[in-house]
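Reader: I am new to this structure. Please show me how to read its features.

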Amino acid sequence: MTDDRIVKRDRMRYTKNTLSSTLALLGIVFDVLYFVSIYQSDVGTYYYNILIGASVLYNLIFMLMAFLSSEGVKNYKPGYSWLLMALGLGQIVRIFILPLSAFRAEYVIKKVSYPVMEAGQFTWVVVCLCISAACCFASAVINLIKSRQLAEHIASLGDKA
């Protein structure tokens, strides 16, 4: 291994994994954009049900777990990568629950049917969820790679001592 690579790996012992941490926080930002778009919608009583309550609860849990993971990956802890992968998968699954059902639903006002969610809003919320998931996945993969490299480097230092 070249001296530059050894120095870069040795620096990892003293620096934070800011790329993985920033990506996890960016996943939270896109989740916030998603739920602001959903919750600002005023389409009669469609959203007044248990599904929206579960969605609010999931958003809170997602943001808390993603923030916790951003702090964990900042310190090269590989276990938080698995949590981020689960959160990313959860964001993908969410597309098929609330946004898809709202996109397919209609509400009636004075015998005129209106879509609960227009195509533009549906596209926006799906993009937000996909980017949020991609950020979680990228953060997880980068952290797994870097944490493995750091562990190997620390192990090699033990051999030289």
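**Rings and helices**

Author: Phe35 and Tyr39 are four residues apart in helix 2, so about one helical turn separates them. Helices here are DSSP runs (H or I, at least four residues), numbered from the N terminus. This is a predicted model: local features need pLDDT of at least 70, side-chain atom pairs count only at pLDDT 80 or more, and totals for chains, interfaces and linings use all residues. Residues are numbered from 1 along each chain as its sequence is written, and side-chain values use heavy atoms, with hydrogens and water left out.

Reader: How many aromatic pairs does the structure hold?

Author: Rings of Phe, Tyr and Trp (its six-membered ring) pair if their centres lie within 6.5 Å; planes under 30 degrees apart count as stacked, over 60 as edge-to-face and the rest as tilted. The structure holds five aromatic pairs. One of them is tilted: the rings of Phe35 and Tyr39 have centres 5.4 Å apart and planes at 40°.

Reader: Is Phe35 buried or exposed?

Author: Buried means under 20% relative accessible area, exposed over 50%, partly exposed in between (1.4 Å probe, protein chains only). Phe35 is buried, at 18% relative accessibility. Tyr39 is partly exposed, at 30%.

Reader: What about the rings of Phe103 and Phe122?

Author: Their centres are 4.4 Å apart and their planes at 20°, so the pair is stacked. Phe103 lies in helix 5 (residues 98–104) and Phe122 in helix 6 (residues 119–160), so the pair ties together parts 19 residues apart in sequence. Phe103 is partly exposed, at 33% relative accessible area. Phe122 is buried, at 16%.

Note on methods:
Helices (H or I, at least four residues) and strands (E, at least two) are DSSP runs, numbered from the N terminus.
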